[in-house]
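Let's take a walk through this structure together, one region at a time. Please have the sequence and the model at hand as you read.

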Amino acid sequence: MADPSFALQVALFDRLAAEVSCPIYDSVPMDAPFPYVSLDYEISNNDDPLASRRDIRLFYLSVWSDFKGQEEVKRLMAEIDAATHERPLPLTTGRVVSIRVDRKQTNREPDGVTYQGSVTLRIITQH
């Protein structure tokens with residue numbers, strides 16, 4: 001079976017677009033207003049190259065906001081958590097064995113106005 005990486009990205013994008021209350025981007029337009037979530041990058045490691053085609057994937061998302069303080073970033077990260085953590089995610093290629101929110105973090109950007117939230121999803125896929 002083919003590698004499910006792109007099918008995972010599409011399914012994750014569709015889920016977030018349906019359940020998170022701001023735009024979701026794979027490629028952020030230059031004039032995109034805040035807030036929004038961007039699909040940043042993915043790291044994949046074969047779980048056991050001798051036994052199966054299971055991959056452990058770390059999928060990184062960023063939440064961007066110019067709301068005063070961290071409230072909006074934290075609310076959007078909670079929406080991402082509710083949309084993904086331990087919920088089935090059907091794929092067109094391969095399957096998701098597990099999806100968990102592994103880490104959430106917030107910080108103020110150097111401009112003193114913009115806040116960024118980071119969400120790391122740990123996803124195990126099989127193909």
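## The loop between H2 and S4

Thr 92 sits in the loop that runs between H2 and S4. Bear in mind that this is a predicted model. With a relative accessibility of 79%, Thr 92 counts as exposed, because the cut-off for that class is over 50%. Although 85 residues separate Thr 92 from Ala 7 in sequence, their C-alpha atoms are 5.9 Å apart in space.

Glu 86 is placed in the loop between H2 and S4 as well. Its backbone deserves a look: phi is positive, at about 55°, although Glu 86 is not a glycine. The relative accessible area of Glu 86 is 44%, so this residue is partly exposed.

## How H1 and H2 pack

Helix H1 covers residues 5-19 and helix H2 covers residues 71-84; the two pack at an angle of about 125°, and their axes are 10 Å apart. That angle makes H1 oblique to H2. As for handedness, the crossing of H1 and H2 is right-handed.

Which residues meet where H1 and H2 come into contact? From H1 come Leu 12, Arg 15, Leu 16 and Glu 19, and they meet Glu 79, Ile 80, Ala 83 and Thr 84 of H2. By type, the residues of this contact divide into 4 nonpolar, 3 charged and 1 polar.

Asp 14 also has its place in helix H1. It is partly exposed, with 45% relative accessible area. Between Asp 14 and Ile 24, which are 10 residues apart in sequence, the C-alpha to C-alpha distance is 8.9 Å.

## The largest nonpolar core

In soluble globular proteins, nonpolar side chains tend to be buried together. Here, the largest nonpolar core has 27 residues, and those touching the most other members are Leu 16, Val 20, Val 37, Leu 61, Ile 80 and Leu 121. At least two residues of this core come from each of H1, strand S2 (36-46), strand S3 (54-65), H2, strand S4 (95-108) and strand S5 (115-126).

Let's look at two of these core residues in turn. Beyond its neighbours within four places in sequence, Val 20 is in contact with Val 37, Leu 76, Glu 79 and Ile 80. Leu 61, found in strand S3, counts as buried because its relative accessibility is 1%. Not counting residues up to four places away in sequence, Leu 61 touches Leu 16, Val 37, Ser 38, Leu 39, Asp 40, Ile 80, Gly 117, Ser 118, Val 119 and Leu 121.

Leaving aside neighbours within four places in sequence, the contacts of Arg 57 include Asp 3, Pro 4, Ser 5 and Leu 8. Also among them are Glu 42, Ile 43 and Ser 44, together with Leu 121, Arg 122, Ile 123 and Thr 125. Arg 57 and Ile 43 are 14 residues apart in sequence, and their C-alpha atoms are 5.5 Å apart in space.

One last stop concerns the backbone. Phe 34 and Pro 35 are joined by a cis peptide bond, with omega at about -5°. Pro 35 lies in the loop between strand S1 (24-25) and S2.

Notes: Residues are numbered from 1 along each chain as its sequence is written. This is a predicted model: local features need pLDDT of at least 70, side-chain atom pairs count only at pLDDT 80 or more; totals for chains, interfaces and linings use all residues. Side-chain values use heavy atoms; hydrogens and water are left out. Axes are lines fitted to C-alpha atoms, for helices over the stretch in contact, and angles run from 0 to 180 degrees between N-to-C directions. Helices (H or I, at least four residues) and strands (E, at least two) are DSSP runs, numbered from the N terminus. Angles under 35 degrees count as roughly parallel, over 145 as roughly antiparallel, 65 to 115 as roughly perpendicular and the rest as oblique. A crossing is left-handed if the near helix is turned anticlockwise from the far one by less than a right angle, and right-handed if clockwise. Contact means heavy atoms within 4.5 Å. Ala, Val, Leu, Ile, Met, Phe, Trp, Tyr, Cys and Pro count as nonpolar, Asp, Glu, Lys and Arg as charged, and the others, Gly among them, as polar. A nonpolar core is a set of buried Ala, Val, Leu, Ile, Met, Phe, Trp, Tyr and Cys residues joined through side-chain atoms within 4.5 Å. Buried means under 20% relative accessible area, exposed over 50%, partly exposed in between (1.4 Å probe, protein chains only).
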